[in-house]
Amino acid sequence: MTTANQNAVERYRNNFLKEVEANVEEGDMVKMCMQCGVCAGSCPLGPHWEHSPQKIFMMIRAGKREEVLSSDSMWMCTSCYNCIVRCPRQLPITHIMHGLANYAHRLGLAPKGQPTREFGTLFWNNLVKKGRVNELTLTIGHYFKDGIAAGIKTGLAMQAVGLGMVKAKRLNPMEIFGGHAVKDLKGFHAMVAKAQEIEAKKKGFTA
Amino acid sequence: MAKKEYAFYPGCSSQLKASASNYLTSVNSMCEKLDVKLTEIPDWNCCGASVGYAEGGELPRLAINARNFALAETHLPGQDIVATCAACWLGSRETKERLDHTSQLMKETNEALAAAGLNYKGDVNIRHMVEVLIEDIGYDGIKKPVVKPLEGLKFAGYIGCQTNRPFGIAGESFENPKYLDQMVETLGGEAMTSYDQKVTCCGGALAFSEPEKSQKQIKDIIESAYDSGAQMLVTPCPLCQANTEVYQSEINKKYGTKFNMPVLYYSQLMTVAYGGSIKEAGLDGQLIRAEALEKICGK
């Protein structure tokens, strides 16, 4: 168990709802859910969720900490915002799902190898590096996440698509040497580090 | 028409030789005809997009968006920020909303910005290019420069998610927004109003991480466009465009379909109708060439 997770367990004891309210983005809205299930029926990847948002909200109130934070479900969110606009109680469901996924990720409880968890991490690290996304290194990094052999296999399978993009001038092989970047990279990095520091302190990610 | 000026936030995918570089090409051509001046926010950065949350958390995401706001306030005071990318627009709008409503987050965001020598006062206004077209230019204004109406061409207006939810375009419904159809008709084309997948999710960033699940979505989106009688798909979103165009060949392999439907941006349609060339409309950036539109360019 990570220290941050241990601290959270000790601090909130059996009140997982309180923990979510304090540490999860927009978590203070969870208690507004009236269990109508419109979110579950509105999600494009609904059939792939082990627990729909409606169930997740009830599980939080029931104190099912382990089950919620280790769930694969929140990672199915495509950020389509259907659930938000249809929720009769106006819960920011998409944001809460993102928040729960991030919290589980930070505590080390999110499922290992979950593809969207891995891709999301790769994406953020990619954008932070230069201040702008490098689509080439992002794609290569994603294809090679499971090792060189798997990467070459995926790369070959997607070769036609990649070459088509290069030909259409929508993918630049030269991006491998750096690519687009913000000029004040030093300031950008200092700002991101400061924001991370404040958030970590506030949510108990640091001792 | 008086010249209109905006602080422009093109976003990562619109950069030179990036996946939506032809979007930017056509937006520039379109704006020239409409006498709209876009000035790039100097040194803008990525918005974090929709999957940035996993590692990025809340405050770092707010901070990177607020950095763009602070730069716009300083260098382009008084100008609305205009984004062409759905995710850029959404990330910025969400950030603005969160900072407007929660003074604690505004305080913390400015603490982070200070590390880059910046400060955000809270004055910016965030808009999508489609809002600028509909609200500031108007359908009459969109029609005015048309010299080559898109006669006889049938389009399915695929709006997707993030240009539509949770903010959307004022006066439009979430379930059946009609502005894209109206834009097509304004340009002389035929909008397939029976198209029933106009707000279906293409999978977004999960096209990368969950390809099977996303391609099932994309299959429905394209299939329904064919069913409606459309020749082409038109969209306001760069990720929708890329996902629905790029993966058609993969879907054909997996499902035995014969999809070959061009996917265009509204700005490409406008540039063509305004008399622009294939290059000016970014039609040379299509993986699935839009021959019917290219023909109009050559007329």
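Chain A and chain B bury about 5800 Å² between them, 61% of it on carbon and sulfur atoms. Buried area here is the accessible area (1.4 Å probe) that two parts lose on being put together, summed over both. This is a predicted model, in which local features need pLDDT of at least 70, side-chain atom pairs count only at pLDDT 80 or more, and totals for chains, interfaces and linings use all residues. Residues are numbered from 1 along each chain as its sequence is written, chains are lettered from A and ligands numbered from 1 in the order in which they are written, and side-chain values use heavy atoms, with hydrogens and water left out.

**Between chain A and chain B**

- Chain A brings 65 residues to the contact, and chain B brings 67. Contact means heavy atoms within 4.5 Å.
- Seven salt bridges are counted between the two chains. A salt bridge is a side-chain nitrogen of Lys or Arg within 4 Å of a carboxyl oxygen of Asp or Glu.
- One salt bridge joins A:Arg170 to B:Glu245, with the closest N and O atoms 2.8 Å apart.
- There are also 31 residue pairs in polar contact between chain A and chain B (both at pLDDT 80 or more). A polar contact is a pair of N or O atoms within 3.5 Å; within protein, one must be able to donate a hydrogen and the other to accept it, and residues adjacent in sequence count only if both atoms are side-chain atoms.
- Six elements of chain A each give two or more residues to the side that touches chain B: α6 (82–86), α7 (93–106), α8 (115–130), α9 (135–143), α11 (159–167) and α12 (185–202).
- α12(A) gives the most, with eleven residues.
- By class, this side of chain A has 30 nonpolar, 21 polar and 14 charged residues. Ala, Val, Leu, Ile, Met, Phe, Trp, Tyr, Cys and Pro count as nonpolar, Asp, Glu, Lys and Arg as charged, and the others, Gly among them, as polar.

- A:Ser79 is in the loop between α5 (65–69) and α6 of chain A. A:Ser79 counts as buried because its relative accessibility is 3%. Buried means under 20% relative accessible area, exposed over 50%, partly exposed in between (1.4 Å probe, protein chains only).
- The side chains of A:Ser79 and A:His98 make a polar contact at 3.0 Å.
- Not counting residues up to four places away in sequence, A:Ser79 touches A:Thr94, A:His98, B:Ser50 and B:Gln162.
- B:Gln162 lies in the loop between β5 (154–157) and α7 (179–186) of chain B. At 11% relative accessibility, B:Gln162 also counts as buried.
- The side chain of B:Gln162 reaches the backbone oxygen of A:Ser79 at 2.9 Å.
- Leaving aside neighbours within four places in sequence, the contacts of B:Gln162 include A:Tyr81, B:Ser50 and B:Trp89.

**Chain A on its own**

- Chain A has twelve helices and zero strands. Helices (H or I, at least four residues) and strands (E, at least two) are DSSP runs, numbered from the N terminus.
- The C-alpha trace of chain A spans about 55 × 40 × 30 Å along its principal axes.
- Of the 207 residues in chain A, 52% are buried.
- Among contacts in chain A with a separation of 6 or more, 63% join residues 24 or more positions apart.
- Chain A is assigned domain 1 (3–112) and domain 2 (115–197). Domain bounds come from an automatic or database domain assignment.
- The centres of these two domains, taken over C-alpha atoms, are separated by 28 Å.

**The two domains of chain B**

- Chain B is assigned domain 1 (4–128) and domain 2 (145–298). Their C-alpha centres lie 25 Å apart.
- In chain B, 23 residues of domain 1 are in contact with 24 residues of domain 2.
- The two domains of chain B bury about 2000 Å² between them, 68% of it on carbon and sulfur atoms.
- B:Asn22, B:Tyr23 and B:Met30 supply 26% of the area that domain 1 of chain B buries against domain 2 of chain B, more than any other three residues.
- Across this interface the rule finds zero salt bridges, but seven residue pairs in polar contact (both at pLDDT 80 or more).
- α1 (21–33) and α4 (86–101) of chain B each supply at least two residues of the side of domain 1 that touches domain 2. The largest share, eight residues, comes from α1(B).
- That side of domain 1 of chain B has eleven nonpolar, eight polar and four charged residues.
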